Amino acid sequence: EELEHLQTQRLANTLDERVVRFANEKRNEAQQIKDIVRLKQKFPKDLFQELRTAFPVMIAGIRDYAEYVPLEQGLFDLIIIDEASQVSIAQAMPAFIRANKVVVLGDRNQFSNVKTERASIAVNRTYKALVLDQFRQETTPDERQLNQIGKFDIKTSVLDFVERIANLKIMLRKHFRGYPELIGFSSKFFYDYQLQAVKI
């Protein structure tokens, strides 16, 4: 516990030092970033690099990648997508392009993306055909790749899409938020008794 506490302090000190240095030495850039955020504009690449130096960890909505973050492959070391059953692969693609690695967290027994459920089948089919045509122009796909491209669909969640390509899949079995009486029902009927309620 003492070692963990010291490591936490060390990390906080490193992050705080970056922010303080940025605030003191990059006042002009800080003001430019403030204006861009306030006006909801797309970041220029050089200014975004300054922001990443000061803030190596960022929390953003899934749509923010397409709207504000520069289009650059591998811009982030790691992107974590939470509640992935509620995010379509079409919504997540801008984040995927900008990531070296992606961690996807989700539960298919929870709500799906309500907006994509109401999406037009005809429009969806058109976009899907365009993606497939573009893929065929750039490469000679095999059947496995064609099957995966078939999942590139506004109605397909990120969770469903990455299931075939995931390097690791685990289920979190300890449940902290709900009382045993409540989570016991879900555990029995949806998770085959695999959830363990930890809250007393």
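Predicted model: local features only at pLDDT ≥ 70, side-chain atom pairs only at ≥ 80, totals over all residues.

Guide: Residues are numbered from 1 along each chain as its sequence is written, and side-chain values use heavy atoms, with hydrogens and water left out.

Visitor: Which element gives the most to the lining of the largest pocket?

Guide: The largest pocket has a volume of about 2,000 Å³. Its lining has 47 residues, and those closest to the centre include Val104 and Asp107. Elements supplying at least two lining residues include helix 5 (89-97), helix 7 (121-138) and strand 2 (99-104). The top contributor, with six residues, is strand 2.

Visitor: How many residues of the lining of the largest pocket are nonpolar?

Guide: Nonpolar here covers Ala, Val, Leu, Ile, Met, Phe, Trp, Tyr, Cys and Pro; Asp, Glu, Lys and Arg are charged, and the others, Gly among them, are polar. The lining of the largest pocket has ten polar and ten charged residues. Its nonpolar count is 27.

Visitor: Which element gives the largest share of the lining of the second largest pocket?

Guide: The second largest pocket holds about 770 Å³ of space. Of its 28 lining residues, the closest to the centre are Met58, Ile59, Ala60, Tyr65 and Phe76. Helix 2 (27-39), helix 3 (45-54), helix 4 (64-67) and strand 1 (76-81) each give two or more residues. The largest share, six residues, comes from strand 1.

Visitor: How many charged residues are in the lining of the second largest pocket?

Guide: By class, this lining has 21 nonpolar and two polar residues. The charged count is five.

Visitor: How far apart are the end C-alpha atoms of helix 2?

Guide: Helix 2 has 13 residues. The expected span is 1.5 Å times one less than the number of residues, so helix 2 should span 18 Å. The model agrees: its end C-alpha atoms are 18 Å apart.

Visitor: How are helix 2 and helix 3 oriented to each other?

Guide: Their axes, lines fitted to C-alpha atoms over the stretch in contact, come within 10 Å and cross at roughly 105°. Angles of 65 to 115 degrees count as roughly perpendicular. Helix 2 and helix 3 are therefore roughly perpendicular.

Visitor: Which residues in helix 3 meet helix 2?

Guide: Contact means heavy atoms within 4.5 Å. Helix 2 brings Glu29, Gln32, Ile33 and Ile36. The contact residues divide into four nonpolar, one polar and two charged. On the helix 3 side they are Leu47, Glu50 and Leu51.

Methods:
1 Å grid on protein atoms, 1.4 Å probe; cavity = no way out; pocket = protein on both sides within 12 Å on 5 of 7 lines; lining within 4 Å. Points joined across faces, edges and corners; volume = space filled by probe spheres on them. Helix = DSSP H or I, 4+ residues; strand = E, 2+ residues; numbered from the N terminus. Axes fitted to C-alpha atoms, helices over the stretch in contact; angles between N-to-C directions. Parallel < 35°, antiparallel > 145°, perpendicular 65-115°, else oblique.
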